[in-house]
Amino acid sequence: MRIDILTLFPGMFAGPFKESIIGRAGSKGIVRIEIHDLRNFTRDRHRKADDRPYGGGPGMVMKPEPVFEAVEHVIGRTTSLLRDPQVKVILMSPQGKTFTQKKAEELIGKEHLVFICGHYEGIDERVGERLATDEISIGDYVLTGGELAAMVVVDAVVRLLPGVLGAKESAAEDSFSEELLDCPHYTRPEVYREMKVPEVLLSGNHEEIKKWRRQEALWKTFLKRPDLIEKAELTEKDRGNLRKFKEKQKNG
Ligand code: ADE
């Protein structure tokens, strides 16, 4: 997969993309991530990437030309030819659709992702209208810019690419991969400050462990994110357990 990030603050990406799993995915050649300074696509002496808003008002707005030209540069074609379904041009903005695990899974099917990081009061509307294929928000709050948001999306996508996580780190049992939160995890020591690891995990009985994990995942989701339960695909056994949880909650 190829990922290009267009930003006015390229320095922000140096640390996060060099470290850990994303760094490893880069050195293994699974993903090629390039950061581009939008100022390199300006044409005036002052490398001006923003301007005052038409109609007045506070703040500055990011100009469309550097963004269009940067996208054309990384795609290698004119924007009118941009409708290749393997290419996504993603505008990071608080007005976008909220990012989810499902969206991350959709994006791993693409060959090329281009992220546009907005800044200042906003970005010229023509970028969202004519250039971006997607507009993504990472949540209902406003960041100083789209950079941190783009990092979040890139991280969630890259870890799903085949070969990035080892078998030990497998994504298959993540929270959300089955629409439930993940089950609890424990490691040595068996007893820590009088807190004991659940007996079943020490039993060696894989069938029982599997059942326990499912039940705990359901219980955790029921307590912390009941909204997810309504959308999850549940088995008959899960439904029975849910009835027991509700009973248990009612009786304190
Ligand atoms: N830029 C500013 N706030 C943002 C958000 N919540 N998500 C994506 N991009 C943003």
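A residue counts as near a molecule if one of its heavy atoms lies within 4 Å of it. Keep that cut-off in mind for the first exercise. The structure above is a predicted model, and the exercises below walk you through some of its features.

**Exercise 1. The surroundings of the ligand**

Find out how many residues surround the ligand and which are the closest.

*Solution.* Start by collecting the neighbours: 13 residues surround the ligand. The closest are Ser93, Ile138, Gly139, Tyr141 and Leu143.

Next, sort the shell by class. It has 8 nonpolar and 5 polar residues, and no charged ones.

**Exercise 2. Backbone atoms and cover**

*Solution.* Take the residues one at a time. For isoleucine 138, a backbone N or O atom lies 3.0 Å from a nitrogen atom of the ligand. For glycine 139, a polar backbone atom is 3.2 Å from a ligand nitrogen. For leucine 143, a backbone N or O atom is again found, 3.0 Å from a nitrogen atom of the ligand. A polar contact is a pair of N or O atoms within 3.5 Å, so you can compare each distance with that cut-off yourself.

Now turn to the cover. On its own the ligand has 270 Å² of accessible area, and the protein covers 97% of it.

Finally, look at the elements involved. Strand 5 (87-98) and strand 8 (134-137) are the elements that give two or more residues to the shell. Strand 5 gives the most, with 3 residues.

**Exercise 3. The largest pocket**

Describe the largest pocket: what is its volume, which residues line it, and which elements do they come from?

*Solution.* Begin with the space inside, which is about 610 Å³. The lining has 22 residues, and those nearest the centre of the pocket are Lys210, Lys211, Arg213, Arg214 and Gln215.

Then trace the lining to its elements. Helix 7 (206-224) and helix 9 (236-250) each give two or more residues. Helix 7 gives the most, with 9 residues.

Sorting the lining by class gives 6 nonpolar, 4 polar and 12 charged residues.

**Exercise 4. A closer look at arginine 214**

Is arginine 214 buried, partly exposed or exposed?

*Solution.* First place the residue: arginine 214 lies in helix 7. Its relative accessibility is 24%.

For a sense of distance, compare arginine 214 with isoleucine 108: they are 106 residues apart in sequence, and their C-alpha atoms are 27 Å apart in space.

**Exercise 5. Backbone features in the loops**

Locate the cis peptide bond from arginine 188, then work out where arginine 47 and arginine 193, with their positive phi values, are placed.

*Solution.* The cis bond runs from arginine 188 to proline 189, with omega near 0 degrees. Proline 189 sits in the loop between helix 6 (147-158) and strand 9 (191-192).

Arginine 47 is not a glycine, yet it has a positive phi of about 50 degrees. Its place is the loop between strand 2 (32-37) and strand 3 (50-51). Because its relative accessibility is 34%, arginine 47 counts as partly exposed.

Arginine 193, also not a glycine, has a positive phi of about 45 degrees. Look for arginine 193 in the loop between strand 9 and strand 10 (195-196). With 69% relative accessibility, arginine 193 counts as exposed.

Conventions. Residues numbered from 1 in each chain as written. Predicted model: local features only at pLDDT ≥ 70, side-chain atom pairs only at ≥ 80, totals over all residues. Heavy atoms only, no water. Polar contact = N/O pair within 3.5 Å; in protein donor to acceptor, adjacent residues only side chain to side chain. Areas by Shrake-Rupley, 256 points an atom, 1.4 Å probe, with all protein chains shown as cover. Helix = DSSP H or I, 4+ residues; strand = E, 2+ residues; numbered from the N terminus. Nonpolar A, V, L, I, M, F, W, Y, C, P; charged D, E, K, R; others polar. 1 Å grid on protein atoms, 1.4 Å probe; cavity = no way out; pocket = protein on both sides within 12 Å on 5 of 7 lines; lining within 4 Å. Points joined across faces, edges and corners; volume = space filled by probe spheres on them. Buried < 20%, exposed > 50% of the residue type's maximum accessible area, 1.4 Å probe, protein only.
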